[in-house]
Amino acid sequence: MTASHILLLIGSYFALLLLISYFTGKNDSNEDFFKAGKQSPWYLVAFGMVGASLSGVTFISVPGWVDASKFSYLQVVFGYLVGYFVTAYVLLPIYYRQNLTSIYEYLDSRFGFVSYKVGAISFFVSRVLGAAFRLFLVAIVLQQFVFDAWNVPFEITVTLSILLIWIYTFKGGIKTIVWTDTLQTLFMLVSVGLSIYFILNKLEWSLGDFLQSEELAKYSQTFVLDDLFAKNHFLKSFIGGMFVTICMTGLDQDMMQKNLTCRNLKEAQKNMVSFSFVLVFVTFLFMLLGALLFIYADKYQIEMPLMDGQQKTDLLFPEIALNSGLGITVAITFMLGLIAAAYSSADSALTSLTTSFCVDFLGTAKKSEVAARKIRRRTHIGMSILLILVVITFKYVLDRNVIDGLLTVASYTYGPLLGLFAFGIFTKHQIRDNFAWVVALVSVLIIIGLAKIPTHYLGGYEFGYELLPLNGLITFIGLWLIRKNPETETINN
């Protein structure tokens, strides 16, 4: 498949997204952009959220990580499942009861202005970094397999990618995304299914042969129970995964904005529960694909792709799909799946960043519809430029597998959100709101310090994804220390 063919495919794909945008963005109101008029069918949201949750990170990085992690990432995924139920039955009722546009408005009503801004800033930093991680991964694939052939700089590749996202989201916002996510999820799942089918066919295996093979057994270690000090021990991974979901879904404006477009709380909960089980299955499918890719590469002696002179396992899937002779069907479906995976998360991230910045920082809810619409449009452009700059920066600083990097960043940036919401929900105390930012900053600095302690100082103990709940716990303790005494609370009430 030539670079020209790939570019034509990308153009056709975006033409389809623009057609969807045309029909869903006719209203161009802030109500539709932020909440889709609260008319989204729950099953449509659930299916679309699969693609948004998986993103280009899962599509490329999870299969590429199988050789290093085996199937131990499933420990994190099982934790995800519990986290989705907490989100559905603890957090969603709060958001619907208060009829929120930005979920961080809860912190304003619960604690005050400073806590509200701390929560909004934590999300903003987290989502910018998370969206940039995802876009970076797809951009390097497009660069290596398409634009390098024409000597187009990486910076131009990134700019064009985000410009296309801006074009089809600038009017319809979340209303458009609910529908485009559904299409993108479908493309992604078809791509994975066909890739598995054609690779098995080339290996002359049935699915049963593959599942029972000795080759798969080499990759299929799931549970790590023998060494509590190991970074990927089951307890660390499971608990970390649970809190990653609570934070990166339940406390994340990007993911919750889709849920808040459902007609009522019960439909939103149906969406969350059904989506959680589908997501676990689909992630397992991606890990099977990863093992199959490494088996295929080993059998046919396909060398690991290089990026800047270093082996990059994230590029193994595109290398095999596009350059190993599997046929045009695999190449086309891979590119469609990759584009869908990337933009199903990137478009919603751009919209949620615009929503949060407009509502949480610029106060558009208190302005006239005409003024608020102008602010929203300018903010949408500003967020696009910001993402471009961050993605380009990652090319020069990122030195690890992207999925691992994404979860590590989450440990730092989502911790204050976890602590603030937990303290608000599970206690009745008020806090000295002016000091909330100090607590959040100190908590993050402590976690960064812990993560940098050499393992030999800790007897070989490696911190893993448990840093996220630990960050939330430190924030919770800090909020407890700045709580108001009962007499003050009584007087204020």
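Which residues form one aromatic cluster?

**View 1. An aromatic cluster in a predicted model.** Welcome to the first close-up of this predicted structure. Tyr 95, Tyr 104, Tyr 106, Phe 123 and Phe 421 come together here as one aromatic cluster. Across the whole structure, a search finds 29 aromatic pairs.

**View 2. Phe 111 and Phe 423, a tilted pair of rings.** A pair of aromatic rings is described by the distance of the centres and the angle of the planes. For Phe 111 and Phe 423 the centres are 6.1 Å apart and the planes are at 40°, so this pair counts as tilted. The two residues link distant parts of the chain, 312 residues apart: Phe 111 is in the loop between helix H5 (105–110) and helix H6 (113–145), while Phe 423 is in helix H18. Phe 111 counts as buried because its relative accessibility is 7%, and Phe 423 is likewise buried, at 0%.

**View 3. Two lysines over tyrosine rings.** Look for Lys 202 over the face of Tyr 300, at 5.2 Å from the ring centre. In the other case, the charged end of Lys 236 sits over the ring of Tyr 461, 3.6 Å from its centre.

**View 4. The salt bridge of Asp 252 and Arg 127.** The structure has three salt bridges. In this one, the side chains of Asp 252 and Arg 127 meet at 2.7 Å, N to O. Asp 252 lies in the loop between helix H11 (234–250) and helix H12 (253–259) and Arg 127 lies in helix H6, so the bridge ties together parts that are 125 residues apart in sequence. Both Asp 252 and Arg 127 are buried.

**View 5. A nonpolar patch on the surface.** Phe 435, Trp 437, Val 438, Leu 441, Val 442, Leu 445 and Ile 446 make up this patch, with about 630 Å² of accessible area together. Phe 435 is placed in the loop between helix H18 (415–426) and helix H19 (436–451). With a relative accessibility of 45%, Phe 435 counts as partly exposed.

Conventions: Residues numbered from 1 in each chain as written. Predicted model: local features only at pLDDT ≥ 70, side-chain atom pairs only at ≥ 80, totals over all residues. Heavy atoms only, no water. Patch = residues over 30% accessible without salt bridge, like charges linked within 9 Å, V, L, I, M, F, W, Y side chains within 5 Å. Areas by Shrake-Rupley, 256 points an atom, 1.4 Å probe, with all protein chains shown as cover. Salt bridge = Lys/Arg side-chain N within 4 Å of Asp/Glu carboxyl O. Helix = DSSP H or I, 4+ residues; strand = E, 2+ residues; numbered from the N terminus. Buried < 20%, exposed > 50% of the residue type's maximum accessible area, 1.4 Å probe, protein only. Phe/Tyr/Trp six-rings, centres within 6.5 Å; stacked < 30°, edge-to-face > 60°. Lys NZ or Arg CZ within 6 Å of the ring centre and 35° of its normal.
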